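Welcome, and please take a moment to look over the molecule below. A short tour follows, arranged by topic.

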Amino acid sequence: MLSKNIETALNKQIRIEAESSQTYLSMACWAEISGLEGIAQFMFAQSDEERQHMLKLIKYVNERGGHAQITDLKAPKTTYETFKGMFEELYKHEIFVSDSINELVHITFSEKDYATHNFLQWYVAEQIEEEATAKTILDKINLIGDDRAGLYLFDRDLQQIAITKPVV
């Protein structure tokens with residue numbers, strides 16, 4: 001059984017994962033109308049992945065005797081000045097999610113809820129990967145600079161990542 005404190009914290013994380021999915025969906029829409037099809041596909045895939053993260057948490061809460069709560073979401077930003085700025089926001093967002101997961105892990109440890117602590121280790125590892133991916137993308141964007149041919153190739157590369165990345 002989940003304590004009320006852990007149930008509340010997990011429900012907060014459910015909302016964060018849902019907002020992450022919406023944020024990436026909004027980024028995908030902006031990229032698509034900006035002619036960045038590869039980036040759009042990558043963001044659509046990221047949105048789906050975040051939704052799967054949310055669903056995994058929902059199932060866990062409900063299976064452990066809690067009640068997963070679906071709440072109002074903060075509306076995501078809908079436009080970006082540049083694709084680089086969008087990816088900088090993505091990176092900052094992934095750091096925010098990592099901090100939230102780490103705080104959740106801390107709560108489970110302090111309450112000696114080792115089952116939930118163990119469950120969350122998957123999210124800890126996932127966030128390491130998400131931050132690394134976002135940082136690598138930003139590094140590549142910085143290499144490209146203002147080169148239009150580089151942007152074309154970058155967009156195509158992200159399309160390939162979106163196609164080959166498995167949904168969790």
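Which residues does Leu 2 touch, not counting residues up to four places away in sequence? Leu 2 touches Glu 7, Leu 10, Tyr 60, Val 61, Arg 64, Gly 66, Asp 113 and Thr 116, where contact means heavy atoms within 4.5 Å. Before going further, please note that this is a predicted model, in which local features need pLDDT of at least 70 and side-chain atom pairs count only at pLDDT 80 or more, while totals for chains, interfaces and linings use all residues. Residues are numbered from 1 along each chain as its sequence is written, and side-chain values use heavy atoms, with hydrogens and water left out.

**The start of the chain**

- Leu 2 is found in the segment before H1; helices (H or I, at least four residues) and strands (E, at least two) are DSSP runs, numbered from the N terminus.
- With a relative accessibility of 10%, Leu 2 counts as buried (buried means under 20% relative accessible area, exposed over 50%, and partly exposed in between, using a 1.4 Å probe and protein chains only).
- Between Leu 2 and Gly 35 there are 47 Å in space, C-alpha to C-alpha, and the two are 33 residues apart in sequence.

**How the helices pack**

- The axes of H1 and H2 come within 8 Å and cross at roughly 165 degrees; axes are lines fitted to C-alpha atoms, for helices over the stretch in contact, and angles run from 0 to 180 degrees between N-to-C directions.
- H1 and H2 are therefore roughly antiparallel to each other (angles under 35 degrees count as roughly parallel, over 145 as roughly antiparallel, 65 to 115 as roughly perpendicular and the rest as oblique).
- The crossing in which H1 passes H2 is left-handed, a term for a near helix turned anticlockwise from the far one by less than a right angle, with right-handed used if clockwise.
- H3 and H4 have axes 9 Å apart and pack at an angle of about 160 degrees, so they too are roughly antiparallel to each other.
- H3 passes H4 in a left-handed crossing.

**The nonpolar cores**

- The largest nonpolar core has 23 residues, of which Ile 39, Met 43, Phe 83, Met 86, Phe 87 and Phe 154 touch the most other members (such a core is a set of buried Ala, Val, Leu, Ile, Met, Phe, Trp, Tyr and Cys residues joined through side-chain atoms within 4.5 Å).
- Two or more residues of this core come from each of H1, H2, H3, H4 and helix H5 (148-164).
- Not counting residues up to four places away in sequence, the contacts of Ile 39 include Ala 31, Phe 83, Phe 154 and Leu 158.
- Another core, of 21 residues, lies apart from it, with Leu 2, Ile 58, Ala 68 and Val 97 among them.

**Salt bridges**

- The count comes to 4 salt bridges, each being a side-chain nitrogen of Lys or Arg within 4 Å of a carboxyl oxygen of Asp or Glu.
- Glu 19 forms one with Arg 15, the closest N and O atoms being 3.6 Å apart; the two are 4 residues apart in helix H1 (residues 4-33), about one helical turn.
- Glu 19 counts as buried at 13% relative accessibility, whereas Arg 15 is partly exposed at 29%.
- Glu 89 pairs with Lys 77 in a salt bridge, with the closest N and O atoms 2.7 Å apart.
- Glu 89 lies in helix H3 (residues 83-110) and Lys 77 in the loop between helix H2 (37-63) and H3, so the pair ties together parts that are 12 residues apart in sequence.
- Lys 135 and Asp 139 also meet in a salt bridge (2.8 Å, N to O), and both lie in helix H4 (residues 114-144).
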